[in-house]
Amino acid sequence: MNNAQWKEFAAAACDDAGIKQESLEIITTWDQKFEHVDLFRNNAVFRINNQYILKIVGTDALWHFNIERAVLQTLSEAIPAPRLIASGIIENGSPFIIMSEIAGETLQNAWGELSPLELRQIAREIGAITAQLHRQPQDKLAAVEAEFGGRNESFEEMKTDRIAEIKAMDRFSTRHKNELLEFLYGEARDFLDVPPAFTHADFSHDHIYLTREYNELRVSGLIDWGEAMLGPPEWDIAFHWFWTFSQDHDTMRECIDAYYQDAPRPDRFARRCFATHFYTYSMNEVWDYFTESVDDSESIVRAMITSLFPQEIFGAPD
C-alpha cells in the first residue's frame with residue numbers, strides 16, 4: 001500500500017476513537033521488514049498529534065493485539081508504560097490500539113553517552129520495576145491466553161525449535177547433543193513448572209525509554225507489550241542480561257540486587273536462568289554467544305551455564 005492508503009487507515013482509527021486528527025506521522029508499516037531480521041512487521045505504527053501512538057495490527061497478529069491491550073488495561077501506575085487511550089477495529093477488519101507516547105530516548109541510543117554511575121542507577125531502577133511488573137494482576141492476561149494460547153503452547157513450540165537446533169549443530173558431539181536434549185526434556189522443563197509471573201518476555205534496550213528531569217536520569221517507559229506472557233520470571237532476567245545490558249557485569253549485578261532486594265534469590269539461579277531461557281524464541285541467538293570448545297568427557301550443560309551466566313553475577317552453575 002502507498003502512504004496515502006496507510007494514512008486513510010490511521011484516520012479511520014482516529015475517527016473510531018473520537019480523536020480529532022491534527023497531525024499524523026507514519027513511523028512504520030507491516031510492508032516493512034525488521035532491521036536485523038528478515039521478517040515483516042506485525043504492526044503499522046503512527047504518531048498522532050505529537051501526543052499518541054497508534055498501532056494498527058495485521059489480521060494475522062490478533063494474539064499480539066489482544067495481549068498488548070490486556071497488558072495496558074492491567075499495568076498499575078507504578079509501571080512506567082504507555083497508557084491505553086482507545087482500541088477498536090477499523091472497517092477493513094484490522095484492530096488498532098491508541099496509546100500515550102513515551103517521552104525520551106531508548107536505552108539503546110543512550111547507552112554510549114551514559115556514565116558508569118548513571119548506568120548503575122538505571123539498572124537499579126529497571127530491576128525494581130521488573131520486580132513490580134512480575135507482581136501485576138494476571139486475570140486479563142490469563143483470559144487472553146486461555147482463548148489464544150499462552151505459555152504451555154509456547155513451551156511446546158520452543159521445545160520443537162530447540163530440538164531442531166541441537167540436532168543440526170555440527171560443533172556438538174553426539175554425546176553433548178544427547179545431554180542437551182535430556183536437559184531440555186527434563187530439568188529445563190521442570191524449572192518452568194512454577195507459579196507464573198507477569199512477564200514482558202521481550203526486554204531489550206530498544207524497548208526501554210529514558211528521560212532526564214532536573215538533571216536526574218530515570219526510566220520513562222517500557223514499550224512493545226505484544227509478546228507479554230505469564231511465565232517464569234527468569235525469562236525477563238535473562239533478557240536483561242543479554243539485551244537490556246548487553247552482558248555488562250556491573251549493570252546486571254545492580255539490576256539483580258534491586259530485583260531481589262526484598263526476596264532471596266531462588267536456588268540454582270544460574271541454572272534456572274539458562275534452563276528457562278531455553279524456552280524462549282531468543283535462544284537461537286544465544287547459541288552464537290557460546291564459542292568455547294568442550295571436551296567430550298565434560299558436561300556441555302555445565303560449560304554453557306558457566307560461560308553464559310557468569311558465577312560472579314548468577315552464582316554457581318550447579
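At what angle do helix α2 and helix α5 pack, and how far apart are their axes? I took this up before anything else. The model is predicted.

**Entry: α2 against α5**

I looked up the spans. Helix α2 covers residues 62-74 and helix α5 covers residues 139-148. The two pack at an angle of about 165°, and their axes are 8 Å apart. Angles over 145 degrees count as roughly antiparallel. I therefore log α2 and α5 as roughly antiparallel to each other. I also noted the handedness: α2 passes α5 in a right-handed crossing.

Next I listed the residues that make the contact. From α2 I have Leu 62, Trp 63, Asn 66, Ile 67, Ala 70, Val 71, Gln 73 and Thr 74. From α5 I have Lys 140, Leu 141, Val 144, Glu 145 and Phe 148. I sorted this contact of α2 with α5 by class and got 8 nonpolar, 3 polar and 2 charged residues.

**Entry: aromatic pairs**

I turned to the rings. A pair of aromatic rings is described by the distance of the centres and the angle of the planes. My count comes to 20 aromatic pairs. I wrote up two of them.

The pair Phe 183 and Phe 278 has ring centres 5.7 Å apart. Their planes stand at 90°, so I call the pair edge-to-face. Where do Phe 183 and Phe 278 sit in the chain? Phe 183 is in helix α7, residues 174-185. Phe 278 is in the loop between α11 (269-277) and α12 (283-286).

Phe 239 belongs to helix α9, residues 234-244. Tyr 281 lies in the loop between α11 and α12.

Tyr 281 has 38%, so it counts as partly exposed.

**Entry: α9**

Phe 239 made me check its helix. How many residues of α9 are buried? I find 11 of its 11, and α9 is mostly covered. The buried residues include Trp 235, Ile 237, His 240, Trp 241, Phe 242 and Trp 243. Glu 234 and Asp 236 are also buried in α9. Just after α9, I noted that Ser 246 takes a positive phi of about 50°.

Conventions:
Residues are numbered from 1 along each chain as its sequence is written. This is a predicted model: local features need pLDDT of at least 70, side-chain atom pairs count only at pLDDT 80 or more; totals for chains, interfaces and linings use all residues. Side-chain values use heavy atoms; hydrogens and water are left out. Rings of Phe, Tyr and Trp (its six-membered ring) pair if their centres lie within 6.5 Å; planes under 30 degrees apart count as stacked, over 60 as edge-to-face and the rest as tilted. Helices (H or I, at least four residues) and strands (E, at least two) are DSSP runs, numbered from the N terminus. Buried means under 20% relative accessible area, exposed over 50%, partly exposed in between (1.4 Å probe, protein chains only). Axes are lines fitted to C-alpha atoms, for helices over the stretch in contact, and angles run from 0 to 180 degrees between N-to-C directions. Angles under 35 degrees count as roughly parallel, over 145 as roughly antiparallel, 65 to 115 as roughly perpendicular and the rest as oblique. A crossing is left-handed if the near helix is turned anticlockwise from the far one by less than a right angle, and right-handed if clockwise. Contact means heavy atoms within 4.5 Å. Ala, Val, Leu, Ile, Met, Phe, Trp, Tyr, Cys and Pro count as nonpolar, Asp, Glu, Lys and Arg as charged, and the others, Gly among them, as polar.
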